[in-house]
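Please look through the sequence and the structure before reading on.

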Amino acid sequence: ILDIEPNGAFNVRKVMPDAVLIFIAPPSIEELQRRLESRGDTSAEQMKLRMERSVWEMEQGAKYDYIVVNDQVETCAEEILKIIAEKAD
């Protein structure tokens, strides 16, 4: 299991064509921004760059095998575990 950004995921796919890519998406771009701001550890400039990058990353989700929306952490984790279990069979 790797936690990597899209370019890294696509490089893994090149080396391991059977790799299963799961994109974990925020419920919305607004919610992502709210979550990042609530951490209080990101400058305004870093936030701007992060949000610009996030739009691109979310567009890349269509290239993944699965998209799981992280609206509630428990539900998100259950969905990911279900995908892993299905692929392990």
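## Gln60 and its contacts

Leaving aside residues up to four places away in sequence, Gln60 touches Pro6 and Phe10, where contact means heavy atoms within 4.5 Å. Gln60 lies in helix H3; helices (H or I, at least four residues) and strands (E, at least two) are DSSP runs, numbered from the N terminus. With a relative accessibility of 8%, Gln60 counts as buried. Buried means under 20% relative accessible area, exposed over 50%, and partly exposed in between, with a 1.4 Å probe and protein chains only.

## Basis of the description

The model is predicted: local features need pLDDT of at least 70 and side-chain atom pairs count only at pLDDT 80 or more, while totals for chains, interfaces and linings use all residues. Residues are numbered from 1 along each chain as its sequence is written, and side-chain values use heavy atoms, with hydrogens and water left out.

## Aromatic pairs

A search of the whole structure finds 2 aromatic pairs. Rings of Phe, Tyr and Trp (its six-membered ring) pair if their centres lie within 6.5 Å; planes under 30 degrees apart count as stacked, over 60 as edge-to-face and the rest as tilted. The ring centres of Phe10 and Tyr64 are 5.7 Å apart and the planes stand at 65°, so this pair is edge-to-face. It links distant parts of the chain, 54 residues apart: Phe10 is in helix H1 (residues 6-15), and Tyr64 is in the loop between helix H3 (44-60) and strand S2 (66-69). Phe10 is buried at a relative accessible area of 19%, and Tyr64 is buried at 11% relative accessibility.

Phe23 and Tyr64 also form an edge-to-face pair, with 5.1 Å from centre to centre and 70° between the planes. This pair too links distant parts of the chain, since Phe23 is in strand S1 (residues 22-25) and Tyr64 in the loop between H3 and S2, 41 residues apart.

## The largest pocket

The largest pocket holds about 1000 Å³ of space. Among the 31 residues that line it, Leu2, Asp3, Ile4, Ile22 and Ile24 are the closest to its centre. On a 1 Å grid over the protein atoms alone, a pocket is an open set of points where a 1.4 Å probe fits, with protein on both sides within 12 Å along at least five of seven lines; lining residues have an atom within 4 Å of a point.

Key
Grid points are joined across faces, edges and corners, and a volume is the space filled by probe spheres set on the points.
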